[in-house]
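Please look over the model below before reading my notes. The points are numbered so that you can check each one against the structure.

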Amino acid sequence: MTQVSRIVILTGAGISAESGIDTFRDSGGLWEKHSIEDVATPEGFARDPDLVLGFYDARRAALADVEPNAAHTALARLERDFSGDLLLVTQNVDDLHERGGSTTICHMHGELKSALCTSCGTRSPWETTMIDRPPCPVCQAPTLRPDVVWFGEIPYQMRRIEEAMMGCDLFVSIGTSGAVYPAAGFVQQAKRLGARTLELNLEPSEGTSIFHEARHGPASELVPAWVEEVLGA
Ligand code: BJW
């Protein structure tokens, strides 16, 4: 592998699949069991807040039963041992990158373990349930919602991501179907800016032909092998 000095990594649900967290669009995934319009839009939340709060409460509670896998820990090793710049951008709302040992993570679609107050706008760390309408730790209003990015909302930290994309020489996409924008457009953006692009996914994603290189297989195998290559170069 040629020497690289600035890497942007984008991860999606596929990196957490082998830890036991359902993906969205695979067979048996979350969108087969729940309607996107009902649980992942602001309109769905306004229509039936109990349904949405219950959906995210259950997913938050389920985090207690899963552990990071070899792909998460390999990315943490890369962060620790890589001498260049690295930004890990995840679309995932789970905390497996943190628990795998990564420390600098950009959660562009928010986090299950965070609450957003719709009254005062504060984002607070959150471990328990929201369906019982607990008060916001800051303004006390019983108006918390999951701090996740639904369709039609603007993802977090877009400026930070764009800045990192501008200077990167390698963009790597791991475990994402490439079906949701703006993340699905990062590969084109990176290419336009002159970066090399690599896909690591179980199967070809929607945008697989855009990447300079695509490797297909389970993240727990592909990611540690790729990290080994980068650190050994
Ligand atoms: C493995 C594996 C293993 C399995 N190893 N791999 C028309 C055109 C363009 C855009 C739009 C459009 N109409 C509407 C839009 C915009 C819209 C959008 O993209 N819609 C599409 C459906 C077309 N996007 C938005 O609304 C976004 N906001 C926005 O655009 O704002 C405007 C703006 C942007 C920027 C600047 C200024 C303004 C917001 C999108 C929010 C997405 N939210 C969700 C829910 C989050 C909360 C929650 O978790 O419930 O985010 S939806 C869901 O999809 C979740 C995920 O992060 C996201 C992506 O899914 P992901 O991670 O790719 O999972 P899967 O299941 O799709 O794929 C898993 C992959 O893993 C598969 O490929 C497997 O093969 C693989 N895999 N096992 C390796 N072991």
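Is Asp169 buried, exposed or partly exposed? Keep that in mind for point 1. This is a predicted model, in which local features need pLDDT of at least 70, side-chain atom pairs count only at pLDDT 80 or more, and totals for chains, interfaces and linings use all residues. Residues are numbered from 1 along each chain as its sequence is written, and side-chain values use heavy atoms, with hydrogens and water left out.

1. Asp169. At 27% relative accessibility, Asp169 counts as partly exposed. The cut-offs are these: buried is under 20% relative accessible area, exposed is over 50%, and partly exposed is in between (1.4 Å probe, protein chains only). Asp169 sits in the loop between H8 and S7. Helices (H or I, at least four residues) and strands (E, at least two) are DSSP runs, numbered from the N terminus. Val4 is 165 residues away from Asp169 in sequence, yet their C-alpha atoms are 6.3 Å apart. Asp169 is in contact with Val4, Ser5, Arg6, Ala195 and Arg196, leaving aside neighbours within four places in sequence. Contact means heavy atoms within 4.5 Å.

2. Ser173 belongs to strand S7, residues 170-174. Its relative accessible area is 5%, so Ser173 is buried. Beyond its neighbours within four places in sequence, Ser173 contacts Leu10, Leu198, Glu199, Leu200 and Phe211. Val187 is in helix H9. Val187 is also buried, with a relative accessible area of 5%. Not counting residues up to four places away in sequence, Val187 touches Phe171, Thr197, Ile210 and Phe211. Find Phe211 on the model: Ser173 contacts this residue, and Val187 touches it.

3. A cis bond. Which peptide bond is cis? The bond from Tyr181 to Pro182 is, with omega near 5 degrees. Pro182 lies in the loop between S7 and helix H9 (186-192).

4. Helix H5. The buried residues in H5 are Val52, Leu53, Phe55, Tyr56, Asp57, Arg59 and Arg60. An α-helix has 3.6 residues a turn, so residues three or four places apart point the same way. What covers the buried residues of H5 includes helices H2 (30-33), H3 (36-39) and H4 (42-47), along with strands S4 (110-117) and S6 (144-148).

5. Helices H6 and H10. Two packed helices are described by the angle between their axes and the distance between the axes. Helix H6 (residues 70-81) and helix H10 (residues 219-232) pack at about 15 degrees, with axes 7 Å apart. That makes H6 roughly parallel to H10, a label for angles under 35 degrees. On the H6 side, the residues that meet H10 include Ala70, Ala74 and Leu78. On the H10 side, Val223, Trp226 and Val227 are among them. By class, the contact has 12 nonpolar, one polar and three charged residues. Glu221 also lies in H10. At 56% relative accessibility, Glu221 counts as exposed.

6. Positive phi. Two residues other than glycine deserve a look. Arg133 has a phi near 55 degrees. Arg133 is in the loop between strand S5 (123-125) and S6, and is partly exposed at 33% relative accessible area. Gln157 has a positive phi of about 60 degrees. Gln157 is in the loop between S6 and helix H8 (158-167), and is partly exposed at 32%.

7. Cys136. Where is Cys136? It lies in the loop between S5 and S6. Cys136 is buried, with a relative accessible area of 0%. Leaving aside neighbours within four places in sequence, Cys136 is in contact with Cys117, Cys120, Ala141 and Leu144. Ser119 is 17 residues from Cys136 along the chain, and their C-alpha atoms are separated by 8.7 Å.

Conventions: Axes are lines fitted to C-alpha atoms, for helices over the stretch in contact, and angles run from 0 to 180 degrees between N-to-C directions. Angles under 35 degrees count as roughly parallel, over 145 as roughly antiparallel, 65 to 115 as roughly perpendicular and the rest as oblique. Ala, Val, Leu, Ile, Met, Phe, Trp, Tyr, Cys and Pro count as nonpolar, Asp, Glu, Lys and Arg as charged, and the others, Gly among them, as polar.
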